[in-house]
Amino acid sequence: MGSHHASRHAAPESSRMRRLAVAVVVPLALLTLAAIVWMWPDPLSKTRSSEALPQVAAVVTSVESAPCPPPEGGKPDPTAPTDCGTLQVRITEGAGEGEVVQAPVPGGPGAPEVEEGDQVSVAPSQGADGTEFAIVDHQRASGLWVLAAAFALAVVAFGRLRGVTALLGLAVTFALLLVFVVPSILGGASPVVVALVASSAIILTVLYLTHGFSLSTTVAVVGTLASLGLTGLLSWLSVEALHLTGITDDISTYLGTQHRVDMQGLLLAGIVIGSLGVLDDVTVSQAATVGEISRANPGYGVGPLYRAGIRVGRAHIASVINTIVLAYAGSSLPLLVLIVADNSGIGDVVTDQVIAQEIVRSAVATIGLIAAVPITTLLAVLAAHESAPRDPAPA
């Protein structure tokens, strides 16, 4: 009789929680959609620099090596090219398809090493003797497509239907970044606002697409949005307090001066978007964990269930924090090596703006991640408690 009563009284509570979830998600989704429509970049706006060199695909047909002349003064220059030969290159696309042109062997640090038969990108430019050609880089499209296919195959083979929905979610994320975030920022919109709106759209789309429309997913969505808002606030406070400008290299300088991009805002936007991937991982795990604990131990009250969820969250956070720090440290390792090589004191290294930015990224993302655990756990506990079946009071 007890199980009969439990099943009879579970449905109304679950239905009420589903209605509550819809009441929370629908306004968020409508607000996000309205913001995207309002901020959608003008397709007629100019987002490309007129100074960018056009590039065409080509293939190297022959390589004629020749030694470079000795440097003036006899002093060796480690950055000078060692091969001053020429290449015969056949254009394989565009108006000049089939034409064979000459280009110098690329030289200098980081220059591509080319051999006969290599597929390359060539940039034409106007010189004193007419059109000149230079090898810009290797073509990597074929190799990247093979790698992408292997990635997709591994995801689908292991995740099956869930893997397919995860790939669809990834496609949505890239589409939003390429057609909304980047053009909007280049069009003059606030990078922070664009990042927050895009992050909300990614969360609402990807989490429900990947994990289905359920109470657990809704808890993860709300927990992620709350933690992301906190991360954005802490990022703004940290950047302002430490006087970070976001301009640390030639690329950021070019964006700030030529495209009039708010580089400080772009720094904040990068922190918000960079934190999103780890945040939704933690919130989804916490919501699912609390739900499983509640089903395995129906007698748990709010306090014991919250403490059990927090214990799991602490173990998860301990490993994820190291992941965040190592990810940011790995991406900035060349800069770190350069700064250490040019400065003698560790204090100068840590306070340099390049390293300070990475410290802010790591610290703010970690604080937001830590806050996501208690927020999501509490929401999941309250949802599980409200959804728990209750036997009717004795007459």
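This is a predicted model: local features need pLDDT of at least 70, side-chain atom pairs count only at pLDDT 80 or more; totals for chains, interfaces and linings use all residues.
Reader: Which residue of S5 stands opposite Gly 127?
Author: Strand S4, residues 119-127, is joined to S5 by eight bridges, and the two strands run antiparallel. Gln 126 stands opposite Thr 131 in S5, and the residue of S5 that stands opposite Gly 127 is Gly 130.

Reader: Which strands stand at the edges of the open sheet?
Author: The sheet is open and has five strands with antiparallel pairing, in the order S3-S2-S1-S4-S5. A strand at the edge has a single partner strand, so one of its sides is left without a neighbour in the sheet. Direction ignored, neighbouring strands of this sheet are turned against each other by 50 degrees on average. The strands at the edges are S3, residues 100-104, and S5, residues 130-138.

Reader: Is H3 roughly parallel or roughly antiparallel to H6?
Author: Helix H3, residues 191-211, and helix H6, residues 263-296, pack with their axes 9 Å apart and at an angle of about 20 degrees. Because angles under 35 degrees count as roughly parallel, the relation of H3 to H6 is roughly parallel.

Reader: How many charged residues does the contact of H3 with H6 have?
Author: H3 passes H6 in a right-handed crossing. Among the residues that make the contact are Pro 191, Leu 196, Ile 203 and His 211 of H3, together with Gly 265, Val 272, Leu 276 and Asp 280 of H6. By class, this contact has 14 nonpolar residues and three polar ones, and the number of charged residues is one.

Reader: Is H3 roughly parallel or roughly antiparallel to H4?
Author: H3 and helix H4, residues 215-241, pack with axes 10 Å apart, and the angle between them is about 155 degrees. Because angles over 145 degrees count as roughly antiparallel, H3 is placed relative to H4 as roughly antiparallel.

Reader: How many polar residues does the contact of H3 with H4 have?
Author: The crossing in which H3 passes H4 is right-handed. The contact is made by residues including Ser 199, Ser 200, Leu 204 and Tyr 208 on H3, and Thr 217, Thr 218, Val 221 and Leu 228 on H4. By class, eight of the residues in this contact are nonpolar and none is charged, and the number of polar residues is six.

Reader: At what angle do H2 and H3 pack, and how many nonpolar residues does their contact have?
Author: Helix H2, residues 141-186, is roughly antiparallel to H3, and the crossing of the two helices is right-handed. Their contact includes Arg 162, Leu 168, Val 172 and Phe 180 of H2, and Val 194, Ala 198, Ile 202 and Leu 209 of H3. With their axes 9 Å apart, H2 and H3 pack at an angle of about 165 degrees. By class, the contact has seven polar residues and one charged residue, while the number of nonpolar residues is 15.

Reader: Where does pLDDT stay under 50?
Author: The protein chain has a mean pLDDT of 80, and 83% of its residues reach 70 or more. One stretch under 50 has 12 contacts beyond four places in sequence in the model, and another has eight such contacts. The former covers residues 1-13, and the latter covers residues 390-395.

Conventions. Residues are numbered from 1 along each chain as its sequence is written. Side-chain values use heavy atoms; hydrogens and water are left out. Axes are lines fitted to C-alpha atoms, for helices over the stretch in contact, and angles run from 0 to 180 degrees between N-to-C directions. Helices (H or I, at least four residues) and strands (E, at least two) are DSSP runs, numbered from the N terminus. Angles under 35 degrees count as roughly parallel, over 145 as roughly antiparallel, 65 to 115 as roughly perpendicular and the rest as oblique. A crossing is left-handed if the near helix is turned anticlockwise from the far one by less than a right angle, and right-handed if clockwise. Contact means heavy atoms within 4.5 Å. Ala, Val, Leu, Ile, Met, Phe, Trp, Tyr, Cys and Pro count as nonpolar, Asp, Glu, Lys and Arg as charged, and the others, Gly among them, as polar. pLDDT is the predictor's confidence in each residue, from 0 to 100. Two strands pair if DSSP finds at least two bridges between them.
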